[in-house]
Every structure is written in C-alpha cells, then in structure tokens.
Amino acid sequence: MTARLRATGTTAKEQETVRAPGAVPLAGHTLRLLRDPLGFLLAQHGGAESVELRLGPRPVYLLTRTETVRRVLVTDQRHYDKGGPIIEGARPLFGDGLGTCPRSEHRRQRSLLQPAFHSARIACYSPVMQACAEEVAGSWQDGQTLDMGREMHRIAARVIGRTLASDPGASRLVRDLEESLPTLMSHGFLRVVVPWSLPHELPLPANRRYRRARSTVRASIHDAIAAYRRSDAPRTDLLGHLVTVRDEHGAGLDDREIHDQIMVMLIAGIETTATALGWTFHLLGQSPDVERQVTTELDTELCGRSPTVEDLPRLPYLTRVFTEALRLYPTVPMLSRVATTEVALGGRTLPAGTEFFFSPYCLHRDPDVFPEPERFDPDRWLPERAGPEQRRGFIPWGAGARKCIGDTFSLIEASLALATILRDWRLRPAGTGRVTPTVRFSLHPSGLRMMAERRATRPVRGAGNCATGHNGPAVAHAAQDAPQ
Ligand code: HEM
C-alpha cells in the first residue's frame with residue numbers, strides 16, 4: 001500500500017504526494033530501481049502527482065503528471081536547475097558541457113552551439129547522414145541475422161563522427177567511440193542509481209573497463225582538438241565550429257570546454273538516435289501492415305532512388321511511424337531537476353535543493369492523453385487526431401530552455417536512415433524474438449535481432465510521383481516484397 005504523507009491542515013486535493021512502498025533500510029528503493037526500473041516507475045503513476053522515493057537514504061520526488069512536469073521544465077523553469085541523481089551520475093562522464101552545465105552557464109553555452117544546429121547547417125549534413133545509412137545497410141547480406149542495436153549504433157556513430165570531425169586525422173575518434181560507448185553508457189546508469197561512491201571505486205573488472213573506456217575516449221578527443229587547433233583549414237563540421245566560435249566579448253572555448261561539449265554530443269547524439277531507430281525497426285517487425293504502408297509511401301515518393309532531406313515532407317507516414325516509436329520508447333527514459341528555491345509541488349512546500357525526476361516513458365503511457373497507450377498506432381499522430389494535449393504530452397526531446405539541441409538533427413538523421421534502409425530491406429524478427437527495454441542512459445532494446453531480406457524492385461510506369469517526373473526518374477520503380 002502506498003503511504004500518504006498527510007500534512008495537517010491540507011485538504012484531500014492537496015495531499016498529492018505519497019511515499020512509494022517497498023523502501024528497505026539504507027538502500028531505500030535502489031534495489032527495486034536496479035532490478036526493474038521501468039516497471040517500478042510505471043507502478044507509481046496513475047495516482048498522486050508526486051511520489052517520494054529513496055535512493056539510498058536520500059529522498060527524490062518522482063513527478064507523475066505531464067502538467068506538473070511542464071511546470072518544472074517550462075512555466076516555472078527559473079526555479080529549477082539541472083541536478084539530481086541523473087545529472088550527478090552523468091557529470092563524471094559528460095563534464096560540464098551543454099547537457100549538464102548549471103543554468104548560470106547555460107545561456108552562453110547554448111548560444112555558442114546553436115548555430116551548428118541551424119536547420120540550414122543540418123541540411124548540409126544530410127547527404128552524410130544518408131550515406132552512412134547506405135554504407136552500413138550496404139554491408140548486409142540477404143538472409144543475414146543482424147544485431148540491430150549494433151547496426152544502428154554503427155550508423156549513428158558514423159553520422160556523429162563525420163559531422164563532428166570530418167578531418168581524416170580525427171578518424172580514430174570515431175573508431176574509439178564505436179568501441180567504448182556501450183561500456184560508458186551501461187556503467188553510467190549504475191552510477192545514477194547506486195548513490196555511494198565506494199562501489200564505483202573498488203578494483204572490480206567492470207569499474208576497470210569503465211575507467212579504461214573513459215580514458216580512451218578522452219585521449220582521442222584531446223588529440224582531435226589538438227589536430228584542429230594546429231591547422232587553420234576551413235571546416236564546416238561541429239569541431240571546426242567549436243574551435244573557432246567566439247562569444248559577444250570575443251572569447252572562445254578552451255580545450256576543456258570543447259572536450260566537454262564533444263563528450264555531450266557523443267553521448268547525447270549517438271546512443272539516443274541509435275536506440276530510437278532500433279525500436280522503430282522492432283515495432284515495424286511486429287506490425288506488417290504498418291511496414292507495408294511505409295514501404296508503399298517510399299516506393300511511391302522515391303521511386304527507388306536515395307532519399308534526400310527535400311523528400312521528407314512528402315513522407316508523412318514515415319514521420320508518424322518514427323514519432324509513435326519515440327512515444328512508446330522515448331530513448332531518454334528518465335530526466336531529473338533540482339529546485340533552486342522553495343517550491344510548491346504535489347501539495348507540499350519543498351525546500352531548495354529538493355531533487356525531482358520524471359519519466360517520459362511513463363508519461364507517454366498516460367491513457368488520458370494517449371488512449372490504448374501500449375498500442376503502436378502511427379495514425380494517432382494524424383493532424384485531426386493529435387491535438388494540443390497530445391503534442392504537449394509528447395516529450396522525448398524534453399521541453400523548455402533545456403530541450404534537446406539535436407531534435408531536428410536526430411529527426412532528419414533517423415528519417416533518412418529509415419527511408420534508406422526500408423527502400424531496400426525488409427527486417428523480420430529473428431532470434432528468440434524477445435526484446436527487453438533495458439535502461440542505460442538511454443532505453444536500449446536488448447536482444448533485438450532481425451533478419452534482413454532484400455526487397456526486390458521492378459520498374460513501374462505511372463506510380464505516384466514517379467510518373468510525373470516531379471520527384472524522380474520518369475520510369476518508376478515500385479518494390480515487390482516477395483524475396484528474390
Ligand atoms: C532521438 C534522438 C534524441 C533524443 C530522444 C534526445 C533526447 C534529449 C533529451 C530528453 C534532452 C533533454 C534533457 C533534459 O531536459 O534534462 C536532450 C538534451 C540534449 N541533447 Fe538530445 N536527444 C536526441 C538526439 C540528440 C542528438 C543527435 C544530439 C547532438 C548531435 C543531441 C544533443 C543534446 C544536447 C547537447 C542536449 C543538452 C541541451 C541543453 O541542455 O541545452 N541529442 N536530448
């Protein structure tokens with residue numbers, strides 16, 4: 001039973017904070033969060049507005065309603081800062097870059113980085129994004145069983161690697177990243193939910209692997225920065241931008257600041273998009289009708305050629321599929337904040353320093369906002385069905401001033417990857433077919449194995465835009481889904 005925290009003199013409506021059941025002495029809810037984080041968090045939703053949990057002896061408040069979370073992120077954001085268990089766990093890895101820096105530094109950092117994420121700049125990156133998907137998918141064999149997590153990670157790591165540091169001298173960075181990132185991500189989550197430092201310092205193999213991976217990536221970033229500083233060749237990539245950018249006083253970023261920004265881009269930009277793609281393929285593999293509709297749209301609009309960023313507005317169904325995948329499996333499943341002043345939330349007044357967290361994974365399953373929340377239904381995002389409540393309730397990229405700077409980047413990258421792969425391949429569930437959402441910093445689809453079947457194509461006259469020459473060659477190619 002959930003114990004209500006009743007403050008004398010409060011009305012029933014104000015008693016909106018409860019204590020989660022099952023805390024044990026010293027560990028609090030830590031073990032339950034480690035064992036089944038999503039199940040445990042989901043079980044706390046649907047009742048009180050705020051639920052008190054214990055990470056070890058330390059209280060943290062889980063916010064369970066979209067409107068409360070929007071107050072924290074948007075309306076009252078000046079009373080909250082980055083902080084709490086997730087940010088503290090991430091800081092040793094991320095440093096003080098854009099994702100983890102305090103409010104006092106955020107405006108400066110964001111304005112320095114924002115130009116690199118301008119839509120015109122992203123459009124310039126888009127051929128690279130498409131080429132990375134084409135390369136990775138081009139290495140698959142017909143009938144091959146793929147570890148989809150790994151394949152999507154290969155695409156996303158290449159995209160970030162090449163848009164971040166296109167100089168051949170920085171290629172080691174991309175390689176080291178592909179190898180070290182999974183270790184950093186899985187160990188990083190342990191540091192969030194295990195609040196004591198001692199277990200992380202012990203000479204255990206897992207701790208040694210984590211430290212080794214961290215040093216490898218740090219050294220590699222350091223070398224890439226040095227190489228960029230040595231040469232004054234004009235560059236349009238992210239690292240080139242970071243090395244040359246100046247604030248309004250003419251001050252640039254020092255090496256440590258650049259290191260921290262790169263670390264954020266690597267960690268925030270690779271795993272997130274890779275896992276979002278993995279989940280999308282998983283859902284399509286479970287829903288042949290949806291998959292058929294996507295491929296019909298692609299065949300009609302692309303006529304067999306490679307997708308470009310200009311094609312994306314003509315692929316609305318593909319966008320709805322990706323949006324719905326992000327609703328069901330938002331790749332950042334938990335976020336946290338700390339109050340910087342006394343705040344009133346969940347019917348209680350809480351002091352500055354109180355830590356809050358909330359879960360897009362759980363909020364996206366609120367049946368009042370998303371009826372039949374477990375159903376994969378891309379058409380719930382049709383303009384006539386998705387109203388303001390659904391749009392406000394959809395927060396895979398967060399909201400407010402700290403909303404993901406890479407939202408458009410990742411949407412374009414993922415759409416191009418999906419269009420490129422689905423044009424040529426059908427991916428069917430393989431292996432045990434059992435896919436488990438595993439919480440690292442991102443929500444990883446563990447066990448996702450799929451068999452790649454090459455789609456056959458044949459020329460067709462008069463199919464959609466292919467006939468008009470509006471969008472491709474006069475002779476169209478429509479895909480036939482039967483294996484060759
Ligand atoms: C599907 C892909 C992605 C998802 C779901 C995602 C999700 C998020 C979320 C939820 C936040 C907000 C965290 C908070 O409020 O505490 C965030 C912030 C951030 N993301 Fe992403 N992200 C994605 C892709 C990317 C990419 C591709 C990049 C970079 C290339 C990136 C860079 C960042 C950065 C730098 C921040 C910090 C922004 C700030 O504090 O101003 N993300 N992301």
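How far from an oxygen atom of the ligand does a polar side-chain atom of Arg 402 lie? The legends below get to that. This is a predicted model, where local features need pLDDT of at least 70, side-chain atom pairs count only at pLDDT 80 or more, and totals for chains, interfaces and linings use all residues. Residues are numbered from 1 along each chain as its sequence is written, and side-chain values use heavy atoms, leaving out hydrogens and water.

**View 1. Cys 404 holds the iron.** Here the iron atom of the ligand has a single protein donor, the SG of Cys 404, 2.3 Å away. Donors are N, O and S atoms within 2.8 Å of the metal (3.2 Å for Na, K and Ca), and with water not among the atoms, sites may look incomplete. Cys 404 sits in the loop between helix H17 (388-393) and helix H18 (407-424). Helices are DSSP runs of H or I with at least four residues, strands are E runs of at least two, and both are numbered from the N terminus.

**View 2. Side chains reach the ligand's oxygen atoms.** For Arg 402, a polar side-chain atom lies 3.0 Å from a ligand oxygen atom. Lys 82 has one at 2.8 Å, and His 106 has one at 2.6 Å.

Key:
Polar contact = N/O pair within 3.5 Å; in protein donor to acceptor, adjacent residues only side chain to side chain.
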